[in-house]
Amino acid sequence: MAHETLVDLFKKRPSLAAEILVEVLGVPLAPYTGARLTSIDLTQIQPVEYRADLVVVLVDGDSTRRGPGSTAILW
């Protein structure tokens, strides 16, 4: 499966990222009520720049909340 195809799958269904982590790979995740896409810019204060093809954020109720309690899945 081509890399772009996988990215498209997650873009169309962001919750698939969490489902695969939990159901296929057995990775425990904090409780969440939804998943949404967010910025793919992963820059830091240092001059190093990182970018992802896709970033899925798992949310619990308030979809505008961001911070240390949020879980993000990077592709």
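Start with one idea: a nonpolar core is a set of buried Ala, Val, Leu, Ile, Met, Phe, Trp, Tyr and Cys residues joined through side-chain atoms within 4.5 Å. Buried here means under 20% relative accessible area, exposed means over 50%, and partly exposed is in between, using a 1.4 Å probe and protein chains only.

A bit of housekeeping next. This is a predicted model, where local features need pLDDT of at least 70 and side-chain atom pairs count only at pLDDT 80 or more, while totals for chains, interfaces and linings use all residues. Residues are numbered from 1 along each chain as its sequence is written, and side-chain values use heavy atoms, with hydrogens and water left out.

The protein chain averages 80, and 79% of the residues score at least 70.

Now follow the chain. You'll pass 2 helices and 3 strands, in the order α-α-β-β-β. These are DSSP runs numbered from the N terminus: helices are H or I with at least four residues, strands E with at least two.

Which residues make up the largest nonpolar core? There are 9 of them: Val7, Phe10, Leu16, Ala17, Ala18, Leu54, Val56, Leu58 and Ile73. Two or more residues each come from α1 (3-12), α2 (15-24) and β2 (55-59), and α2 gives the largest share, with 3. In soluble globular proteins, nonpolar side chains tend to be buried together.

Zoom in on α2. Its buried residues are Leu16, Ala17 and Ala18, and their cover includes α1, β2 and β3.

Is Val24 buried or exposed? Val24 belongs to helix α2, and it counts as exposed because its relative accessibility is 63%. Together with Ile20, Leu25 and Val27, Val24 makes a nonpolar surface patch of about 340 Å². Such a patch takes residues with over 30% relative accessible area and no salt bridge, and joins nonpolar side chains (Val, Leu, Ile, Met, Phe, Trp, Tyr) within 5 Å, or like charges within 9 Å. A salt bridge is a side-chain nitrogen of Lys or Arg within 4 Å of a carboxyl oxygen of Asp or Glu. Just after α2, Gly26 takes a positive phi of about 70 degrees.

How values were computed. Accessible areas come from the Shrake-Rupley method with a 1.4 Å probe; for residues, only the protein chains shown count as cover. pLDDT is the predictor's confidence in each residue, from 0 to 100. Contact means heavy atoms within 4.5 Å.
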